[in-house]
Amino acid sequence: MQAWQVHENGEPSEVMRLVEVEPPTPGDGQVRLRVRAANINFPDALLCRGQYQVRPPLPFTPGVEICGETEDGRRVIANPALPYGGFAEYALADARALLPAPEALDDAEAAALHIGYQTGWFGLHRRAHLEAGETLLVHAAAGGVGSAAVQLGKAAGAKVIGVVGGADKAAVARELGCDVVVDRRSEDVITAVKEATGGRGADLIYDPVGGEAYAQSAKLVAFEGRIVVVGFASGTIPSPALNHALVKNYSILGLHWGLYNTKNPKLVQRCHEELTELAARGAIKPLVSERVPLSEAAVAVQKVADGRSTGRIAVVMEEAA
């Protein structure tokens, strides 16, 4: 089979190599899946760089989210078991963690439903208890993680403010349903958000960026508001001033979604059922901006690593296409 492998750490476009290898053999509790589509996530770039919290042995195949097909023909969503990731014709996965792919979504959309939308659901509902009528601010609103949070926020009845970088991404954020869009490249984020909220700020801020975005969040969070820390795509991990949280009575909430797979897997299943229902009635639909063949996976991963993508880029196998 064909598979992309990383033999040394570095930038994805430099270290990912397309090779011919034998299909992987399942271990105890694992199944082999034919990959129909693989979604590209920022962690795939971190894996290539050796900067992710999980460091699979070299060589490994990246690709942490797929829509695959079981031997009996079922279409499923899975997080591949590294080192046999999803940027290959076949991948391995935990048999107990397979989830049915929603009928309302095609392969590329289904591949993009799991990590970003589960993270959004857990962040907005489990951790921050978003209520209808509240104001939600989403950093990097046109990206893969941000776009999911925007759709979930709108589905929950929130007023959504999307912060983006560039006119093209601003257009995407508006199409996603943001009530207010702020382009950080041409506008002052703090001034624009305060104007949009009458000086009150946002009840809930969803931050997958860190760095300067977090500094803005601390200035924009409303009284008794919540900041959900999802990741640090900027590459800078902020150091919050806890005295400031005390003065303004706001909460800083961390979210590492992957922990729920071992700490509370039943909640992951419940979340998937809710996401499937939302997809069935059209309330959410993963924004797949590009669909590329397996041969172009390395270039696409680099594009995500560089922050040049909007929504999701999916690697789609020719057979599935």
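Colleague: What does the accessible surface of the chain come to, and what share of it belongs to carbon and sulfur atoms?
Modeller: This is a predicted model, and the surface is a total for which all residues of the chain are used. The accessible surface comes to about 14100 Å², and the share that belongs to carbon and sulfur atoms is 48%.

Colleague: What percentage of the residues of the chain count as buried?
Modeller: A residue counts as buried when its relative accessible area is under 20%. Applied to the 321 residues of the chain, that cut-off gives a buried share of 53%.

Colleague: How many helices and strands are there in the chain, and what is its radius of gyration?
Modeller: The chain holds 12 helices and 15 strands. For 321 residues the globule rule gives 20 Å, and the value for this chain is close to that, so the chain is as compact as a globular protein of that length. Along the principal axes, its C-alpha atoms fill a box of roughly 60 × 40 × 35 Å. The radius of gyration itself is 19 Å.

Colleague: Among contacts with a separation of 6 or more, what percentage comes from residues 24 or more positions apart?
Modeller: A contact here means heavy atoms within 4.5 Å. Of the contacts in the chain with a separation of 6 or more, the part that residues 24 or more positions apart account for is 66%.

Colleague: How far apart do the centres of the positive and negative side chains lie?
Modeller: The chain has 31 positive side chains and 38 negative ones.

Colleague: Is H129, with its positive phi, buried or exposed?
Modeller: H129, a residue other than glycine, has a phi near 55°, and its place is the loop between α4 (114–127) and β8 (135–139). Because its relative accessibility is 53%, H129 counts as exposed.

Colleague: Where is A140, and how does its accessibility count?
Modeller: A140 lies in the loop between β8 and α5 (144–155), and its phi, near 50°, is positive in a residue other than glycine. Since its relative accessibility is 33%, A140 counts as partly exposed.

Key:
Residues are numbered from 1 along each chain as its sequence is written. This is a predicted model: local features need pLDDT of at least 70, side-chain atom pairs count only at pLDDT 80 or more; totals for chains, interfaces and linings use all residues. Side-chain values use heavy atoms; hydrogens and water are left out. Helices (H or I, at least four residues) and strands (E, at least two) are DSSP runs, numbered from the N terminus. Buried means under 20% relative accessible area, exposed over 50%, partly exposed in between (1.4 Å probe, protein chains only). The radius of gyration is taken over C-alpha atoms; the globule rule is 2.2 Å times the number of residues to the power 0.38. Accessible areas come from the Shrake-Rupley method with a 1.4 Å probe; for residues, only the protein chains shown count as cover. Lys and Arg count as positive and Asp and Glu as negative; His and the chain ends are not counted. The place of a charge is taken as NZ of Lys, CZ of Arg, CG of Asp or CD of Glu.
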